[in-house]
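Subject: Structure handover

Dear colleague,

Please find the structure below, with the sequence. My notes on what was found in it follow.

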Amino acid sequence: MSATVVVLAPSPLLTVTIEDRAGEPDIHVHAGGQGVWQSRMLASLGVRVVLCAGLGGETGSVLGHLIPQEGVELRTVELSSRNGGYVHDRRDGDRTVVAHSPGGALDRHEHDALYELALSLGLEHGAALLSGPHEDRVVPSDLYGRLTADLQSNGCRVAIDLSGERLTAALEGGPDLVKVSHEELVADGRAESEDPVDLVTAMRALHDQGAGIVVVSRAAEPALALVDGEVLAIHLPPLRTAEPKGAGDSMTAGMMAALVQGRSPVDALRTGAACGALNVVRQGLGTGGSHAVQALADRIEIVRRNDDGTERS
């Protein structure tokens with residue numbers, strides 16, 4: 001049986017994207033949001049995915065039909081409010097926001113039900129990826145702290161892709177893998193600047209606060225990783241970008257897939273970087289085939305670095 005990852009997506013989004021097809025509008029309707037995009041990539045790598053999500057209203061009803069089509073097993077909590085969504089026009093090559101609806105916050109009973117669902121499934125399957133909500137108000141940060149701690153203390157491997165108060169809360173539970181962007185570290189006041197020296201200082205602080213492996217994505221620059229106290233830089237092959245959005249989510253999913261499949265942390269970094277790279281050359285978010293991921297992973301260069309940014313031999 002393939003490895004299984006339970007993904008927490010508190011309130012997925014309904015996404016509508018308008019593209020150009022031979023001069024005519026081409027309308028695409030998909031499930032979206034960080035957890036959905038990560039689930040999609042995990043599934044494409046041969047990992048069984050169980051997605052825990054809150055669904056409500058008309059948008060939630062549509063999402064309930066769309067998400068299982070991604071090769072994902074959906075487990076839900078019924079919400080009294082509707083899920084959010086957006087309409088983007090990409091006919092001129094750029095994303096123009098036509099409309100955006102944030103969706104509603106979960107009430108106390110819905111929050112408890114989602115926590116119970118994610119906890120029980122995480123304990124059952126032994127691996128969980130906790131993704132953030134698209135709006136801060138959807139669920140309280142405390143959910144991530146309690147869930148990470150309760151899963152981790154009961155032998156469940158936990159990965160997080162969070163920032164702000166949610167990251168702070170989850171660190172107390174000791175997650176195995178933390179992925180965060182350099183922009184988020186600076187915005188949260190954890191790093192003084194985007195300089196690699198400052199980012200490494202922040203990474204070591206994250207480790208001291210409870211994180212296991214720490215990975216910092218840096219857009220077009222080589223990502224940085226802290227593994228067993230060693231700083232690594234992850235260099236990608238040259239590729240032209242079609243859609244930069246979602247690369248970090250794909251990277252997290254790729255790393256988690258490799259880890260639950262029993263591969264080494266360095267192999268996980270290669271797979272994650274390859275997933276992120278593949279994401280940027282495709283229009284769809286969280287998409288890509290396993291053969292292409294492997295082809296790119298073979299071309300990922302991982303270089304050891306000192307804390308001052310110099311390379312080690």
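**Helix H1**

Helix H1 (residues 34-44) is mostly covered, with 9 of its 11 residues buried. Buried here means under 20% relative accessible area, exposed means over 50%, and partly exposed is in between (1.4 Å probe, protein chains only). Helices (H or I, at least four residues) and strands (E, at least two) are DSSP runs, numbered from the N terminus. The buried residues of H1 are Gln34, Gly35, Val36, Trp37, Gln38, Ser39, Arg40, Met41 and Leu42. After H1 comes Gly46, which has a positive phi near 85 degrees.

**Basis**

This is a predicted model, in which local features need pLDDT of at least 70 and side-chain atom pairs count only at pLDDT 80 or more, while totals for chains, interfaces and linings use all residues. Residues are numbered from 1 along each chain as its sequence is written, and side-chain values use heavy atoms, with hydrogens and water left out.

**Nonpolar cores**

A nonpolar core is a set of buried Ala, Val, Leu, Ile, Met, Phe, Trp, Tyr and Cys residues joined through side-chain atoms within 4.5 Å. The largest one has 49 residues, and those with the most contacts inside it are Val5, Leu42, Leu51, Ile67, Val215, Ile234 and Leu269. Helix H8 (residues 247-260) gives the most to this core, namely 8 residues. Domain 1 (1-175) and domain 2 (179-312) both contribute residues, so this core lies between them. The domain bounds come from an automatic or database domain assignment.

What does Ile234 touch? Leaving out residues up to four places away in sequence, Ile234 touches Pro222, Ala223, Ala225, Met251, Leu269, Ala273, Ile300 and Glu301. Contact means heavy atoms within 4.5 Å.

Another core lies apart from the largest one; this other core has 44 residues, among them Leu147, Val180, Val200 and Val216.

**Salt bridges**

A search of the whole structure finds 8 salt bridges, a salt bridge being a side-chain nitrogen of Lys or Arg within 4 Å of a carboxyl oxygen of Asp or Glu. Three of them are described here.

- Asp161 and Lys179 form a salt bridge, with the closest N and O atoms 3.8 Å apart. Asp161 lies in strand S9 (residues 157-161) and Lys179 in strand S10 (residues 177-181), so the pair ties together parts that are 18 residues apart in sequence. Asp161 is buried at 5% relative accessibility, and Lys179 is buried at 4%.
- Asp142 and Arg146 meet through their side chains at 2.8 Å, N to O, in a salt bridge. Both belong to helix H4 (residues 142-152); because they are 4 residues apart there, about one helical turn separates them. Asp142 is partly exposed, with a relative accessible area of 42%, and Arg146 is partly exposed at 31%.
- Arg91 and Asp89 have side chains that meet in a salt bridge at 2.6 Å, N to O. Arg91 is partly exposed, at 40% relative accessible area, whereas Asp89 counts as buried at 17%.

Arg21 lies in strand S2 (residues 13-21) and counts as exposed, at 59% relative accessibility.

**Surface patch**

Which residues make the nonpolar surface patch of about 240 Å²? Ile27, Val29 and Val62 make this patch. Patches are made of residues with over 30% relative accessible area and no salt bridge, with like charges joined within 9 Å and nonpolar side chains (Val, Leu, Ile, Met, Phe, Trp, Tyr) within 5 Å. Accessible areas come from the Shrake-Rupley method with a 1.4 Å probe; for residues, only the protein chains shown count as cover. Val29 is found in strand S3 (residues 24-32) and is partly exposed, with a relative accessible area of 39%.

Most residues other than glycine have a negative phi. Ala219 is not a glycine, yet has a positive phi of about 55 degrees. Ala219 sits in the loop between strand S11 (213-218) and strand S12 (221-227), and counts as exposed at 64% relative accessibility. Asp228, also not a glycine, has a positive phi of about 50 degrees. The loop that holds Asp228 runs between S12 and strand S13 (230-235), and Asp228 is exposed, with a relative accessible area of 80%.

Regards
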